[in-house]
2 protein chains.
Amino acid sequence: MAERLSEDARKAAVKALSGWSEVAGREAIARVFTFRDFNEAFGFMARVALVAEKNDHHPEWRNVYKTVEVVLATHDAGGVTERDIRLAEAMNAIARQFGVA
Amino acid sequence: MAERLSEDARKAAVKALSGWSEVAGREAIARVFTFRDFNEAFGFMARVALVAEKNDHHPEWRNVYKTVEVVLATHDAGGVTERDIRLAEAMNAIARQFGVA
């Protein structure tokens, strides 16, 4: 099982992740992605879904038209782990392909 | 543009929609769909996304692993319209194919 990151490690990891921040009152990280339209937003989600399923590590996310709000945490570990950081990195990489930095 | 349903029409429509209810404090309708796993939940979302895009009428929705929480309203009309009822019906029909009544 992935180990929960220490506060320092979590803060350092988030700092290195473009667009991500810590969630207030909860050990989790979050980002809002804004695309051009629903086609792009759901296209992003479809690509992320395949990555999530392959790694058996899934996001909490909300989609309203062209925005996708994501929260990542590892429930088993009670906090943020390397698995969350890797998924956040994968999401950023996919978003960049849609021109979202 | 689709017209906002009257309170009576909205209540009657929701009553006829398995699993749906009105949202407290907001003119909108909501349902939580629970599937077997993420594969089914996202499969449901992918099918609904195609319907939504085809009709240019999109849900607000949140996915956490096997659950999909949906809220429907027509922003332009400031309430619930026939477009929401039709999308809710389409979601129920797709969910039924996953064995979710």
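1. Strands E2 (residues 29–34) and E4 (residues 67–72) of chain B pair in the antiparallel sense over six bridges; strands here are DSSP E runs of at least two residues, helices H or I runs of at least four, both numbered from the N terminus. Two strands pair if DSSP finds at least two bridges between them. Within this pair, Ile29(B) stands opposite Leu72(B) in E4(B). Helix H2 (residues 38–55) of chain B packs on the sheet, where it touches E3 of chain A together with E2, E3 and E4 of chain B; contact means heavy atoms within 4.5 Å. The direction of this helix makes about 160 degrees with that of E3(B), taking axes as lines fitted to C-alpha atoms, for helices over the stretch in contact, and angles from 0 to 180 degrees between N-to-C directions.

2. A word on the basis: this is a predicted model, in which local features need pLDDT of at least 70 and side-chain atom pairs count only at pLDDT 80 or more, while totals for chains, interfaces and linings use all residues. Residues are numbered from 1 along each chain as its sequence is written, chains are lettered from A in the order in which they are written, and side-chain values use heavy atoms, without hydrogens and water.

3. Do look at the whole sheet. It is open, with eight strands in the order E1(A)-E2(A)-E4(A)-E3(A)-E3(B)-E4(B)-E2(B)-E1(B) and antiparallel pairing. At the edges are strand E1 (21–22) of chain A and strand E1 (21–22) of chain B, each pairing on one side only.

4. Over in chain A, helix H2 (residues 38–55) lies across E2 (29–34), E3 (60–64) and E4 (67–72) of chain A together with E3 (60–64) of chain B. Helix H2 of chain A runs at about 160 degrees to E3(A).

5. Helix H1 of chain A is worth a look too. Arg10(A) lies in this helix and is buried, with a relative accessible area of 9%; buried means under 20%, exposed over 50% and partly exposed in between, with a 1.4 Å probe and protein chains only. Not counting residues up to four places away in sequence, Arg10(A) touches Leu5(A), Glu22(A), Glu27(A) and Val80(A).

6. Which helix holds Ala13(A)? Ala13(A) is found in H1 (residues 7–15) of chain A, and at 17% relative accessibility it counts as buried. Its C-alpha atom and that of Ile85(A), 72 residues apart along the chain, are separated by 7.0 Å.
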